[in-house]
Amino acid sequence: DHLLRCEEIATTRMQPIMDAEISQLRALVKLDEKRLEKLDAAATSAIEATVGEWCKAWEDQVMEMDDAQRKQRTGSNAFPPLDTSKGENPKSHQIWKDSLAQVLSEAEIEDVKQRRADRRRARSEALAMLMVDELEPLVGFTAEQRKQLKDCFAKAMLTLPERYYAAQANNSYYSLNPLQLFNHLSGIAESEVLPLLDEGQAERWEGVTPQSLAPNHQSSRGKVDGLEFPPPDQLDAVEAQRLITNYIYLRAKDYTRNYRAKMEAMVAGITRIAQLEPEQVALLSTAAKGAAQALAKDEIRNFEGWARQNLQNVLPADLPERLKNHNQPNFSSQRSTAELPILTSTIDRVLSPEQKKRWAAELEARQRWSRDCRLAILMTEIEKIVILEQAKRDALADLIGSALDEYQQELDSMFSFKWHIQGYYSMVPLSLISDETLAEALDKDQVRLLRGRTPGHFDNMIENLKRNHKERKKVEKKK
């Protein structure tokens, strides 16, 4: 019974791997029904063989155990290790390799390898652009540093797990987490990243916190460093309230510190780009501190209300453990720092016309980077499903880019902050393009595959987007 259960679970885990593999091959090679049937049969055989060999190896291990260990390792909820990233993967089985060699021509196999490598490289560059864009307000880069860091980050991104590069099976989606990507870059920070930064930038890089990079409206693990927990027998209602208040205070310090870091990066950027005098830097720094306090204020108020509501009914004895494992949402403000009167008025008053012109040009360059980053993320999400020739890729990129530019306000207002890194929403801009227009850029099969990945309820969502866009355009026309 144990081996049968293991066989069933292993098959369930391996089936999505081969579903995704065949989906990729359909995107890379024009497969008729006959060849597709052969690949489906080969995938089934590869799964059965891989599962069978894995189960036999596990059975041999079980037979070598003593009775007590065997009973423990084959219990009702026991399941042996299964590492599909290594040999226990049907894609690596000889049956699958031999079948590919029979179904595909040598030229097709070589083309698949090359196009997969090209697609992976493009995706790694898109992820690198994303991290430059995420870190820009926290560190502040020059135009040259953006290019250098993109190349540096892209190499590191190539070692990410396959889920960052392959379409998920069963129409599921995988969202990007900037914090995870930043942690992935930690291995190259000292040797490759910090040498590209000046002293102030390096200090700000090392000051990046999980809260400053956690996706908006997603949870991050609570911070309890600095909290002092009294012995359980001394934890009464009064002590519990003290703990909650201190917890909120620590989080408030995080919010304030994050915004101060962003303001410091902005001041450093303006100083560098506009070549400010010391007196100008001093005035701008004072305004930036006020802006940081203003930005943090709303988040602190939201978090305090949320924390007290979620913790008020926790028993005092249970509070320390609850705080250590407390998942907390981010109430990151979407308000642009450039729109804060305390900051904009100071910039307008302190900078000369020429200095303001230089800084405006830098802001435009950053906006172009963000726009290009968003387009690269969306295009490489699409190319998880269909791999395009350069001409078709350029044509589709023009369509997606136009949709982004035209519906930018509606997309940002209807969806959560950083919606473009949430895999589920990656098909929204594509859904704004009509079938007729899409057919002018792509083949019929490519359109079918892409539409097949679009969730059914997107129709209402797209209808609302277009209606809001139409209303906005009417208002703008009246003005």
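Reader: How far apart are the mean positions of the positive and negative charges of the chain?

Author: Lys and Arg count as positive and Asp and Glu as negative, while His and the chain ends are not counted; each charge is placed at NZ of Lys, CZ of Arg, CG of Asp or CD of Glu. Here the 68 positive and 75 negative charges have mean positions 5 Å apart. This is a predicted model, in which local features need pLDDT of at least 70 and side-chain atom pairs count only at pLDDT 80 or more, whereas totals for chains, interfaces and linings use all residues. Residues are numbered from 1 along each chain as its sequence is written, and side-chain values use heavy atoms, without hydrogens and water.

Reader: Is His93 buried or exposed?

Author: Buried means under 20% relative accessible area, exposed over 50%, and partly exposed in between, with a 1.4 Å probe and protein chains only. His93 has a relative accessible area of 13%, so this residue is buried. In the chain, 46% of the 479 residues count as buried.

Reader: Where is the place of His93?

Author: Helices (H or I, at least four residues) and strands (E, at least two) are DSSP runs, numbered from the N terminus. The chain has 19 helices and 2 strands, and His93 sits in the loop between α3 (67–73) and α4 (94–103).

Reader: Which residues is His93 in contact with, leaving aside its neighbours within four places in sequence?

Author: Contact means heavy atoms within 4.5 Å. With those neighbours left aside, His93 is in contact with Ala46, Ala49, Thr50 and Glu53.
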